[in-house]
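Welcome, and thanks for opening your viewer.

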Amino acid sequence: MNQNLRNIAIIAHVDHGKTTLVDKMLSQSGIFRVNENVRERVMDSNDLERERGITILSKNTAVRYGDVKINIVDTPGHADFGGEVERILMMVDGVLLLVDAFEGCMPQTRFVLKKALGLQKKVLVVINKIDRPNARPAEVLDEVLELFIDLGADDEQLDFPVVYASAREGYTSLDPVVRDGDIRPLLDAIIEHMPPPANNTEGTAQLLVSSLEYDDYVGRIGIGRVERGTVKRGQAFTLCRGDGTQSNVKLSRLYTFEGLRREETEDAAAGELVCIAGIENIGIGETLCDPECVEPLPFVNIDEPTIAMNFVVNNSPFAGREGKFVTSRNIRDRLFKEVETNVSMRVEETDSTDTFKVSGRGELHLSILIETMRRQGYEFAVSRPRVIYKEDHGVHLEPIELLIVEVPEEYTGVVIEKLSQRKAELEDMSPRDGGSTHLEFRIPSRGLIGYRSEFLTDTNGNGIMNQIFHGYEPYKGDIRSREHGSIVAHETGTATAYGLFNTQTRGRLFIAAGTEVYEGMIVGENAKDEDLVCNVCKLKHLTNTRASGSDDALRLTPPSILSLEQSMEFLGDDELLEVTPQNLRLRKKYLTKEQRVKAANRGM
């Protein structure tokens, strides 16, 4: 065993404090200069992560504690990015399982722990946020133990070490009542309980690639673990690809992790996490082997996607105005490039050359791709998200989600009623300190599409909702997903205050006066359950007649500007979301009323 090295991953549910804990481990280990200006959540490096406050991509870093180097992998906490967690577990020997001292075990806690136990990884439990009001560390520890038992942990796995922490305040302890100190008790526990990697340096070199990055200067960079032997810069290898083919390659650069930097090195021994450059088209799950001993390593099976959308070339009257990449070839190349690094996403070509089927873990998983592409200058349209069904011996199966809801007690009734209409089954209900109620449901994935905004409205923004994929079960029956129709623009032009004033009484508007619209564009939500065509470009006829009060300024209700996720939730089966670098526009699939009538008659 290489006693001077530890490889660990930090896994948890979203917002339980993984990235904040890594911040403190880095700052207290002396990685930064005394006068260095370091921003919060330094590991969340891309713009989307910082804007949304979530980790999307796994990140590598390393700290030194005494003579020991600790390689740390910070992983996403949202269920939609579970594929990142699954493949990262191949690189490490142990995991820190973070659990919020108030919220306890949440859906993603179960998912990541199940994967870690299945791969026989050593688990160190960190109960975080012990300084939080209403924290209940003793009860949460009991919940964690129950979760281990539910997941079939053996006696050795059940004997897990526990550390209590406040990542925000920067202290850890073996005692839940301590409220000061530093991060050293956690680092001591890592050294004591996390197994060091095997010092297997005698055999031939072997390296498994688990992640990819890109650098403008050296091109594609593979990140992985040296499983056997010693890897050297400039060394020749046989690359065993995922499709079974092999090719001869040569490393041009070799890096290890030191703090937030990649440092170039001449060689790296077994157990070390490294970055390699100089190999074109290297992929995740592929193995580099010494040519004298070609033995490809198995890679973890990634769970299949459950939600799909169609990405379509934009054909609206405003197409090509704002985007830089608008053709089907541009969109196709970008989507297939995405699946090279995003292992839990699938892209398929369809019968139409301008339509591509993209499948992912959830709506957030797909919306992050959409937002990333629009920021890169792509222009396209997407269809309504739909679930992926399966057939098993003639039985029609659909994906089921485990849904956990925390709501104030007064909203419990309306939440249960609305979810029951969406075929949810209540499995557990318990009170929590502070007047909130904890609810657990099993619900079809399609029942959650479009529900989040309705949930926030029903609970006045005070509810918390988390879900994770549970499995496939027989089809639960039809679900009515939308109770309101769309307000559709009658003609192409510019929306006027006069036209919008006469329309706003019919429902909720999505646009303001002065917005350019086209025929078939959705400008609002109808109060009734049918579509309504309105002329929002209508001008007031000028006459010589004047009456007191008739020419007062028109008062318009401020429009509801929908975010990307809200727009995706609003979409109906016959509607598309037009995505450009500057605008999001909802529209009908068929723009003219005649086309929509013909499509309805054909059952399209």
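This is a predicted model: local features need pLDDT of at least 70, side-chain atom pairs count only at pLDDT 80 or more; totals for chains, interfaces and linings use all residues.

Residues are numbered from 1 along each chain as its sequence is written, and side-chain values use heavy atoms, with hydrogens and water left out.

**Stop one: a pair of helices**

Select residues 412-421, helix 10, together with residues 451-458, helix 12. Helices (H or I, at least four residues) and strands (E, at least two) are DSSP runs, numbered from the N terminus. The two axes lie 10 Å apart, at an angle of about 155°; axes are lines fitted to C-alpha atoms, for helices over the stretch in contact, and angles run from 0 to 180 degrees between N-to-C directions. Helix 10 and helix 12 are therefore roughly antiparallel (angles over 145 degrees count as roughly antiparallel, under 35 as roughly parallel, 65 to 115 as roughly perpendicular and the rest as oblique).

Now show side chains: Val 414, Val 415, Lys 418 and Leu 419 of helix 10 meet Tyr 451, Glu 454, Phe 455 and Asp 458 of helix 12. Contact here means heavy atoms within 4.5 Å.

**Stop two: another pair**

Next, select helix 8 (residues 328-341) and helix 9 (residues 363-375), whose axes come within 12 Å and cross at roughly 130°. This angle is why helix 8 and helix 9 count as oblique to each other. On helix 8, pick Arg 334, Leu 335 and Glu 338; on helix 9, their contact partners are Leu 369, Thr 372 and Met 373.

**Stop three: Asp 74**

Go to strand 3, residues 68-74, and click on Asp 74. Is Asp 74 buried or exposed? Its relative accessibility is 0%, so Asp 74 counts as buried (buried means under 20% relative accessible area, exposed over 50%, partly exposed in between, with a 1.4 Å probe and protein chains only).

**Stop four: Asn 466**

Finish in strand 27, residues 464-474, at Asn 466. Asn 466 counts as buried because its relative accessibility is 13%. Its side chain makes a polar contact of 3.0 Å with the side chain of His 13.

Technical notes: A polar contact is a pair of N or O atoms within 3.5 Å; within protein, one must be able to donate a hydrogen and the other to accept it, and residues adjacent in sequence count only if both atoms are side-chain atoms.
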